[in-house]
Each structure stands twice: as C-alpha cells, then as structure tokens.
Amino acid sequence: MSTSESSSSSKGSSPLPSRSASPLSDVSSFIHNPLLPTTPVLLKASDFQPSLAVLLFDKHAETGYLGVVVEDQSTEEPSPEVWSLQEHPTTTYHLSTNFNTSLSSSTPYISTSKQHATQLNTISSAGLRSVLSTPLSDVQTFHVLERPSFVFGPLSSQKGFSPNSLISRGNIPCPEEWKNLWKAWDLVTLQMIPEEMLHQKPIDLRHKCLFYIGHIPTFLDMLLSKSIGGSPTEPAFFWKIFERGIDPHVDDPTHCHNHSEVPEKDEDWPTLNSILAFRDRVRKRLLDLYAELESGQRPLTRNIARTLVMTLEHEGFHIETLLYMLIQRAGTGTLPPPGFHTPDWTALSEQWSHVPPASSTPATLGPAILTLGHDDSEADDQDPLLNGIDDVVNRTYGWDNESPARVVEVGAFKADWRPITNDEYMAFWKSSTEKEMPKSWVEEDGEIKVRTLYGYVPMSVAGDWPVLTSYDDLEAYAKSKGGRLPTEPELRLFLDTYDVGHEGGANIGFRNWHPMPATTGIESLDGRGSNGGVWEWTSTPFDDHEGLVPTNLFTGYSTDFFDGKHHVVLGASYATIPRLGRKTVRNFYQHNYPYPWVGARVVYDL
C-alpha cells in the first residue's frame, strides 16, 4: 500500500486492538461516585421499554440518576445476595443496594453497535439520557441515566402532524416537537448566555447574542404571515431589526448579503424582557394555528406544511449556530448546559481508548450510480391537484437546494474510514509555519487544548476527536497525505454506505455536548458507525443545479450564497437535531470560515 493510500485514522493492521487485563479503574471510580446511583436495577433487554424506563426512573432515581443493567441474554439467575426480585404488573426486574460494579476490560463500548444503539433509542424515547454507558460483559451493559430538560428521541418514534388523527408518514412537526425544541432553545439562550454577554459578539463575523434571541421568533412570525396572512405580532418594528442575520465574506467583511439593519448602540436595542414577551406571543400564534388545523377551521395545505417544517428546522439550525459561536467563550463567559451531567473526561477518555481502531485498509467505493436530493419543489405547493390531505401529510418537505432528485455517476475512489483527528492535524500543523491554529483549539499555559462547552480539555482527552476547522485547512492536510477532500457525491456515497445515523447510535441530536472518537471502519461491524458527531466538508461549491426552484418563503436562502465561496457540507454534528440528519439536507459554509463544527475525511483517486 502506498503512502497516499494509507488511512489517516488507522492505528494498526488488526481490526481489534489488544486489551489490557487490568480493570477500567477510571470508569469504575466514576460509577461509584456518591452523587451517582447506588441502587441500580437489572432487567432483560426484551423488557427494557420506554414506559418501564420511565417508571423505574420515577421510582428509584432518588439522587437524580438511575443505574440500569440491561442483559441481552440471561445465562443464570441473579444472585439473591446482591439482587432482590421486584414485581411489576407486566414484568419483573431486580434491584440491588450492594451492587459491586465489575467492569469488562475486554468488551469495548461502541454506541453504534446494534445492541447498544437499540438501548440508546429506548433511553431517549423515555425522555432520558445516558451519562455513561459501559459493558459489564458481552451480554450486560450498565447505563447511568439522567432526566435533562430536553431529549431528542428517535425519529421513528415521532408522529408527523396530521389533522383529525390521520396517520402521517411525512415530516410535518407536531406541537410536541416544537415544545421540545423550545426547551432546547430556551436552555441555550437563557441559561448558557450570562446577562453581560447579551450585547457581546463571540464571533466578529456574526451579530451579538441578543440578536438571535429576537431573530428566531421574528422569522417564525414573518413566515406565518407570509403563509396564512395576518399582521405582524407586536411590536411590529421587530421585523426590521431581527429579520435576517449576517454571513459576510471572511476575506472581505464589508461584503454581505441583504440583512437587517440593527441598532449601533446597546441602549437602542430592545430589552431582553420585551423580546421574550414577543417570543411568547409568536409561540401562541403558532399553537393557535395548530388548533385551527386540528379543528378543521383552517385546511392544511402544502404551503402551511412547508412553513411549519422550514421554521422548525430553521430554529434547529440556529441552536447549533449559536452554540458554535458560544463555544468561543466557553470558560470565559459561556456557561455549560445546566441539567446535563458534566462529563467525567477521565472516565470517558479511558473508555474511548478501548474503541477498536479502523481497518488499516481504506474503504473502496464506486463506481456507482447515486441519487442526490428528492422531489419536493415549492413551485408545486399551489397546485390544487397536489393539495389533497394524503399528499400533504405524507410528504417529506425540505429546503429548496434539496430538490429535485438528481442522478449522478460516482467514479471509483478510496476513503479514510474516519475524519482527520485533532492529533493528526496537530502533527501537520506543527510542521507548518504558515497555518493558523484552528479556532476549535486554544492555548492555555503553553498547552494546546480543545474547546468544549464545558471549557478546555487536553489533547489526551480530545486527540481522537475529529478536528474542526476550515475547508482550506483540511484540504491542505489532505494534500500533504497524497489525497484530497471528497466531492459531494463521493461523501454522500460513503455516508449512505457506512454512516448509521441517529437511530444507529451516532453522536448527534445532543446525545452528548461534545464530539467523540469515530467508530466507522470496525471490521466486526462491517465498517458501519459514526464519524464522532461532526458535519463534513466537500470540495463541491454550493451552487445552482438543474431544476432548483428558489424558495419564496425564505427569499435568498440558497441563492444568496451561490457565490463561489461556500462549499457543501454533509452529515450532522452532536448539536444537530435528528430531523436535520435527513440524507438530502445540504448545509453550506464559506471555505475559509473556521468556526462551525465541520471536519473532513481524506479520499484518494484510483
């Protein structure tokens, strides 16, 4: 194998690493933390259902945490000296007050294995979150669970909205999905941004924090009026201030698309309380619309359905946008997410060290015929023949640049199993005298560390995470390895083949508030896994394509950025809501914009 074809993420030729016979002492000490559960429950995997998980948490999580041992197959009855049998109307489980955790030193925890992904879906469907999950043996997994203020469950368990309780196979959000998203938005904007930061810009190329708190309800109000009519929610002048944010050219910040004119002085901005009161009125307006749709007072049309999808997904995008801004001040202003257990980095990094490396042989893909996008033109929304209720509720609505479906040919190529890591980029960066340090890194006391929403962590913790930096930086790295960054069709083919998505256990949808090491390329799992929770760059410029009909609901959403400077990015990050992991979603950033949570993998020509 030539140097140009070697996997940048490979750590050896064996698909499974050698194991230490010593116990995972760091993880064990985490589990025995007195703040964490002391009375775990034991139950069979077949009994581990969301309703039972809720009941057990309510009954036994006295400390705010619940320990659950899930057993995939029962080999023998639990010891009565440790476990006491508990009766439940539909099943039985066991409870222990003297459980001595004995951790497996040979079984790695891989969230994207089928066994563990299924358990994570059960946990999130119950409105719970795994603080730490670790195998006790090949058939037993121990989870430490908490109940945060919001959780994004698997999409397969969510009902699409439909009036009159019709079954929907589409993606129109229900009011419950909105309310859950509002919990996430309110936590980020009202509990992670201290008052003194409201008028600050964590990133110079974006607005101050206060703008985004006003922008989200303003955008929703404006699109509701465009879709169903009606006057602006008062105060009407908010439409002038908060309509649209900014994305100036990185190399010429004076060049920017059309955007709102905002006050220059802090004292001229609306107060936070006035913005929140406006937000509440707009939210009520939205819920009133749902009530009209459910009662039949207003018919559900494709235009209204698209408005509901677009405004919810817009808010989801902005949660991530605001967070990648706020992370620049984490440790110096931004507060960590309240109600979510602070990661025990020592325990997690010990656990991650046991994740099998990727195969030493890069993935070979193509030639292939691939379909990009889907057929969902906004131009068809006014056609009465396409507004029957079955068609309206069973559609998957998307953004203008997702449509129409396009068939493309993908040539043969090789791809690294995993994105470029912090450790790998560090070696490259140290050898270059011209490259600036990635904005996802920070120097503290002479040591390069990685930014997280909990503060800085050392490379000993984050070294195997995907590095987050600009397209230009990662393209230079790829060239140094004899490769390049993938085109959009190439990356789409790789992700379609090997990425398991949110329901497959991937690190997206706030399962964690930080990246993780990738799990793709493990031979025992046929290479399928997660990239660690980041978007990925492509070499494809974001541009027009045949059949694209620009949106009239959100004028300029795509077309304003057909400027040769933006590139298509695909995938999802740890802070991307699950519905935006839709395979047809195309995100985009400027090639030299270093702040968003985007990594890249190296590919090689054949």
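In the predicted model described here, W513 touches F150, L187, V188, M192, L323, P337, F340, L453, Y454 and Y574, where residues up to four places away in sequence are not counted and contact means heavy atoms within 4.5 Å. Residues are numbered from 1 along each chain as its sequence is written. Because the model is predicted, local features need pLDDT of at least 70 and side-chain atom pairs count only at pLDDT 80 or more, whereas totals for chains, interfaces and linings use all residues; side-chain values use heavy atoms, with hydrogens and water left out.

W513 and L323 touch the most other members of the largest nonpolar core, which holds 143 residues. A nonpolar core is a set of buried Ala, Val, Leu, Ile, Met, Phe, Trp, Tyr and Cys residues joined through side-chain atoms within 4.5 Å. Buried denotes under 20% relative accessible area, exposed over 50%, and partly exposed the range in between, with a 1.4 Å probe and protein chains only. Helix 8 (residues 302–326) supplies the largest share of this core, 13 residues. A second, separate core of 19 residues includes L56, A61, L95 and L145.

The protein chain contains 14 helices and 18 strands; helices (H or I, at least four residues) and strands (E, at least two) are DSSP runs, numbered from the N terminus. The radius of gyration of the protein chain is 25 Å, close to the 25 Å that the globule rule gives for 606 residues, so the chain is as compact as a globular protein of that length. This radius is taken over C-alpha atoms, and the globule rule is 2.2 Å times the number of residues to the power 0.38. The C-alpha trace spans about 70 × 60 × 50 Å along its principal axes. Of the 606 residues, 61% are buried. Among contacts with a separation of 6 or more, 79% involve residues 24 or more positions apart.

Strand 10 (residues 413–415) is joined to strand 18 by three bridges, and the two run antiparallel; A415 stands opposite V603 in strand 18.

Strand 14 pairs with strand 15 (residues 566–571) in the antiparallel sense over four bridges, and E536 stands opposite L570 in strand 15. Two bridges join strand 14 to strand 17 (residues 598–599) in a parallel arrangement, where W535 stands opposite V598.

E146, in strand 6 (residues 140–146), is buried, with a relative accessible area of 4%. The side chain of E146 makes a polar contact with the side chain of R129 (2.6 Å) and reaches the backbone nitrogen of H341 at 3.0 Å. A polar contact is a pair of N or O atoms within 3.5 Å; within protein, one must be able to donate a hydrogen and the other to accept it, and residues adjacent in sequence count only if both atoms are side-chain atoms.

Technical notes: Two strands pair if DSSP finds at least two bridges between them.
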